[in-house]
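Welcome to a short walk through a protein model. Keep the sequence and the 3D view at hand as we go from one spot to the next.

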Amino acid sequence: MKLSVITGTGSFIPSIAKENANFNDHVFLNTDGTAFNNPNPVIIEKFKSITGIEERRYAKNKYKASDLGFFAAQKAIEDANINPEELDYIIFAHNFGDVKEGAIQSDILPCLATRVKHLLQIENPNCVAYDILFGCPGWVEGVIQAQAFIKAGIAKKCLVIGGETLSRVVDVNDRDSMIYSDGAGACIVEATDKTDSGILSHASQTFTKDEAYFLFFGNSYDKTKDKDVRYIKMHGRKIYEFALNNVPKAMQTALDKSGVSIDDVKKVFIHQANEKMDEAIIKRFYRLYKKPIPEGVMPMSIHKLGNSSVATVPTLLDLVLKGNIENQEVKKGDVIILASVGAGMSINAIIYKY
C-alpha cells in the first residue's frame, strides 16, 4: 500500500497588517445591541490576554480568497518541483468562497479550486478540481482526502489549498471580529514507495447533535443594520469547552493508530484560533499519556497572523519548514501532528513522519 508524502508547501500572508490599536475607534456591542461598560482599550487588552493576538493580516481589496489560494499554490508547486499538468486533484478548503470587498454575497460559481486551476493555466482535463467545506479543519481534511485517493490508486499527485478572507464576513460591532484574518496555505501530496516517511494515520469526527450551530451566520449586533446581511458568529465559550473536551482525544486516537510513541512526537501544529485554548488542548493531550509538555513542541503564529481559519495550519507548517519562525524547525525523521477544530463541529488530526 502506497504512503502519501508532502513534497512541497507554500503560503501567502497578506500585506495589510491590522494591529489591535486599530480597533480603538470601533463601536463594540453586546448581542442585544447595548454598549459595553468598559472602554475599548480595556476590551482589547483583555482580548489579547485570552487569544494572544497582537495583529492580524487583511487582503488587499483587489484580491479574493481564490487569488490568495493561487499564490500559495504557486509556491507549493515550485517547492515540490513538479509540473502542475501532472496534478490529479486540486482540493480547495474554504468556508465563504470569494467575497469581494464591500459585497454582501459570496461567490462559489465556479468553485474556487476551478478558479485556481484556471489561474495556474492547467490544460489537463483529468486534473479534477473541487472545493471542500469542513470548517477550519478543511485543509487537514483535504490532505486526508488526497491520501485516500492515493491509497485507492486513483491519484499520484494532489494539490491541497486552504484559503479565506474572513475580514469580509465579520460584524465590526462584534468584538470577536478581532480574531479573524485572511490568508492561504497549500501543499503538494504525492504517492511514495518509501515506508519511512509520510502520513502514518489520521482521525476525523463531526459532532452535530448539540454542537452544529456553535459557529453560524447571524445579524449584526447593531440593530439598525440591514437584517438580510449576515456575518460570521460564534458561541465562543461553548467552542472553547468543546475543543478542550474533544480535540485531545482525537489526537490521541490518531497517534495510537499510528503506533508511534508520544515521546517521538516533535511538533504539534494546531489550528491557530486562540492561544489559551491551544495551550489547554496541548496540556490535556499530554496529560492523557501522563507526560509533561516538551518545550517548544507547539509552534504558534496567531500573535501576528490571527485566525485565518483553514489557512492557519498549512501556513504555520510552511513557515516552520522554511525556517521563518524563531527557534522552530522540523528535521528529517521527525514525527509531527497536524490538528484542527471548527464549524460543524468537526475535528481532525494527522500523524506525519518527515
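Is Asn327 buried or exposed? Asn327 is exposed, with a relative accessible area of 70%; here buried means under 20% relative accessible area, exposed over 50%, and partly exposed in between, with a 1.4 Å probe and protein chains only. You will find Asn327 in the loop between α8 and β12, where helices (H or I, at least four residues) and strands (E, at least two) are DSSP runs numbered from the N terminus. Its phi is near 60 degrees, a positive value in a residue other than glycine.

Before going further, please note that this is a predicted model, in which local features need pLDDT of at least 70, side-chain atom pairs count only at pLDDT 80 or more, and totals for chains, interfaces and linings use all residues. Residues are numbered from 1 along each chain as its sequence is written, and side-chain values use heavy atoms, with hydrogens and water left out.

Ser309 also has a positive phi, near 55 degrees. Ser309 sits in the loop between α7 (302-305) and α8, and it counts as buried because its relative accessibility is 2%.

Five strands make up an open sheet with mixed pairing, in the order β1-β7-β6-β4-β5; two strands pair if DSSP finds at least two bridges between them. At the edges are β1 (3-12) and β5 (128-132), each pairing on one side only. β1 and β7 run antiparallel and are joined by 9 bridges, and Val5 stands opposite Glu190 in β7. α8 packs on this sheet, touching β1 and β7 (contact means heavy atoms within 4.5 Å). The direction of α8 makes about 90 degrees with that of β1; axes are lines fitted to C-alpha atoms, for helices over the stretch in contact, and angles run from 0 to 180 degrees between N-to-C directions.

Two cis peptide bonds are worth a look. One runs from Leu109 to Pro110, with omega near 0 degrees, and Pro110 is in the loop between β4 (89-93) and α3 (112-119). Another runs from Gly344 to Met345, with omega near -10 degrees, and Met345 belongs to the loop between β12 (335-342) and β13 (346-353).
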